[in-house]
Amino acid sequence: MNPPPVEDNTMSDTPTPVLRDAFRRPLRDLRVSVTDRCNFRCTYCMPAEIFGESYKFLPKHDILSFEEMVRLTRIIVRLGAVKVRITGGEPLVREQIETLVGMLRQIEGVDDLTMTTNGFLLPQKAQALKDAGLERITVSLDSLDDAVFRKMNGNRSSVQKVLDGIAAAERAGLHPIKINTVVQRGVNEHTILDLARWARDKGYILRFIEYMDVGNMNGWRKEEVFSAREIVETIDAALPLEQIERSYKSEVAARYRYRDGSGEIGLIASVTMPFCGACSRMRLSPEGEIFTCLFGTKGTDLRGPMRAGADDAALEQIVRQTWGERIDRYSEVRFLDTPRDPKVEMYHIGG
Ligand code: SAM
Ligand code: SF4
Ligand code: SF4
């Protein structure tokens with residue numbers, strides 16, 4: 001049997017009591033996935049062969065309204081989440097997403113509100129997001145080489161379109177700008193140095209992500225993982241690096257800075273250097289299920305009870321119970337031969 005939910009702050013690096021899971025990991029971050037749709041077809045996330053014309057995305061009535069998302073977020077924030085990230089799918093394809101930003105901004109206890117986007121719609125949206133209260137932004141960009149980038153995004157966007165989006169974010173004052181880059185061996189590893197130089201010159205924080213076996217659709221093979229170590233070696237050979245401390249306890253990125261003081265990069269090495277011990281993230285899916293792991297197999301439904309009239313206390317109890325029973329540590333046991341159910345898809349619960 002799992003230990004009961006624990007709530008205390010005796011070993012906390014934070015001033016407020018927080019909910020802890022079965023391994024005593026606190027709930028500190030929430031990712032709100034606002035849609036399962038996307039205008040890109042990244043091969044490692046939503047490959048076009050599977051997510052084609054006939055793919056059935058969630059019908060509108062199954063997706064949470066902004067009011068419902070805000071209500072659930074408020075409950076989860078009360079239980080300890082201080083960082084909220086809006087994601088998807090592609091969050092900017094959800095109509096009036098800035099309205100949600102404004103509503104989330106009002107929630108007391110949210111210290112950090114941000115968004116991960118592919119950047120395509122930022123030229124139209126960046127200023128509205130900033131005005132609504134978004135503080136900073138992460139834009140995904142896998143290569144500055146147009147052919148390589150198109151190959152990775154299912155030929156939905158040029159590099160220039162995303163650069164325009166990043167420039168718009170900068171003009172709007174969304175700072176700092178982080179760039180997420182998935183590195184896949186044989187696909188884009190030969191372009192990472194260019195990207196590092198560019199991000200350093202622009203003052204953006206570049207975070208490389210090891211290609212992960214998220215979901216069940218991307219045909220992941222471990223041979224295609226270009227490891228964090230190889231990424232560091234590639235960049236260090238031209239731009240010398242040194243490792244620095246993680247910025248806070250549950251930081252998932254290992255950090256390196258350029259020895260000449262010109263900036264830093266992060267490495268999210270879920271495959272070769274798992275960080276489950278520090279994982280404090282909960283994910284809310286567009287249809288109102290909470291997941292306690294990116295590689296989860298089953299969510300816990302909050303929409304059903306909420307639409308059936310459950311009050312906040314009852315919903316809070318479901319969240320407490322779910323987090324309290326959490327024993328996820330998929331990245332640490334990935335290579336053990338344990339049979340398990342199919343995983344949730346990444347586009348569903350965000351990165
Ligand atoms: N559509 C937005 C975007 O791409 O930024 C937000 C959602 S996306 C699922 C969030 C992040 O997950 C992106 O930075 C993306 O590159 C990353 N991602 C998706 N599939 C991945 C995979 N198989 N391995 C590693 N990272 C992945
Ligand atoms: Fe869309 Fe983001 Fe997935 Fe690419 S990684 S398909 S942009 S949700
Ligand atoms: Fe967190 Fe699951 Fe990733 Fe481990 S595998 S770091 S528990 S999301």
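A charge is said to sit over a ring if NZ of Lys or CZ of Arg is within 6 Å of the ring centre and within 35 degrees of the ring normal. Lysine 161 meets this description, with its charged end over the ring of phenylalanine 120, 4.7 Å from the centre. Arginine 200 likewise lies over the face of tyrosine 258, at 5.5 Å from the ring centre.

The structure is a predicted model, in which local features need pLDDT of at least 70 and side-chain atom pairs count only at pLDDT 80 or more, while totals for chains, interfaces and linings use all residues. Residues are numbered from 1 along each chain as its sequence is written, chains are lettered from A and ligands numbered from 1 in the order in which they are written, and side-chain values use heavy atoms, with hydrogens and water left out.

The account may begin with the sheet. Helices (H or I, at least four residues) and strands (E, at least two) are DSSP runs, numbered from the N terminus, and two strands pair if DSSP finds at least two bridges between them. Strands of a sheet pair through backbone hydrogen bonds, either parallel or antiparallel. Here 12 strands form an open sheet with mixed pairing, in the order β9-β10-β11-β8-β7-β6-β5-β4-β3-β12-β13-β14. The edges are taken by β9 (241–244) and β14 (300–301); each has a single partner strand, so one side of each is left without a neighbour in the sheet. Strand β13 (residues 289–291) runs antiparallel to β14 and is joined to it by 2 bridges. Glutamate 289 has aspartate 301 in β14 as its bridge partner.

Strand β3 runs parallel to β4 (residues 83–87), with 5 bridges between them. Within this pairing, leucine 30 stands opposite valine 84 of β4. Burial is judged by relative accessible area: buried means under 20%, exposed over 50%, and partly exposed in between (1.4 Å probe, protein chains only). In β3, 5 of the 5 residues are buried, so the strand is largely enclosed by the rest of the structure. Asp29, Arg31 and Ser33 point one way from β3, whereas Leu30 and Val32 point the other way.

Helix α1 also contributes buried residues, namely Phe66, Glu68, Met69, Val70, Leu72, Thr73, Ile75, Ile76 and Val77. The expected span of a helix is 1.5 Å times one less than its number of residues. For the 13 residues of α1 this gives 18 Å, which agrees with the 18 Å between its end C-alpha atoms. Just after α1, glycine 80 takes a positive phi of about 135°.

The aromatic side chains come next. Rings of Phe, Tyr and Trp (its six-membered ring) pair if their centres lie within 6.5 Å; planes under 30 degrees apart count as stacked, over 60 as edge-to-face and the rest as tilted. The whole structure holds 7 aromatic pairs. Phenylalanine 40 is buried, at 3% relative accessible area, while phenylalanine 120 is partly exposed, at 21%. Another edge-to-face pair joins tryptophan 198 and tyrosine 204, 5.4 Å centre to centre with 65° between the planes. Tryptophan 198 is buried at 15%, and tyrosine 204 is buried at 7%. Phe40 and Phe120 also belong to one aromatic cluster with Phe149.

Phe40 leads on to the ligands. A residue is near a molecule if one of its heavy atoms lies within 4 Å of it. Ligand 2 is surrounded by Cys38, Phe40, Cys42, Tyr44, Cys45, Met46, Gly89 and Asn118. For the classes, Ala, Val, Leu, Ile, Met, Phe, Trp, Tyr, Cys and Pro count as nonpolar, Asp, Glu, Lys and Arg as charged, and the others, Gly among them, as polar. The shell around ligand 2 has 6 nonpolar, 2 polar and no charged residues. Around ligand 3 the shell has 7 nonpolar, 1 polar and 3 charged residues. Among the residues surrounding ligand 3 are Cys276, Cys279, Cys293, Arg283, Arg326 and Asp328.

A cis peptide bond, with omega about -5°, joins histidine 175 and proline 176. Proline 176 lies in the loop between α5 (159–172) and β7 (177–183). Arginine 24, in the loop between β2 (18–20) and β3, has a positive phi near 70°.
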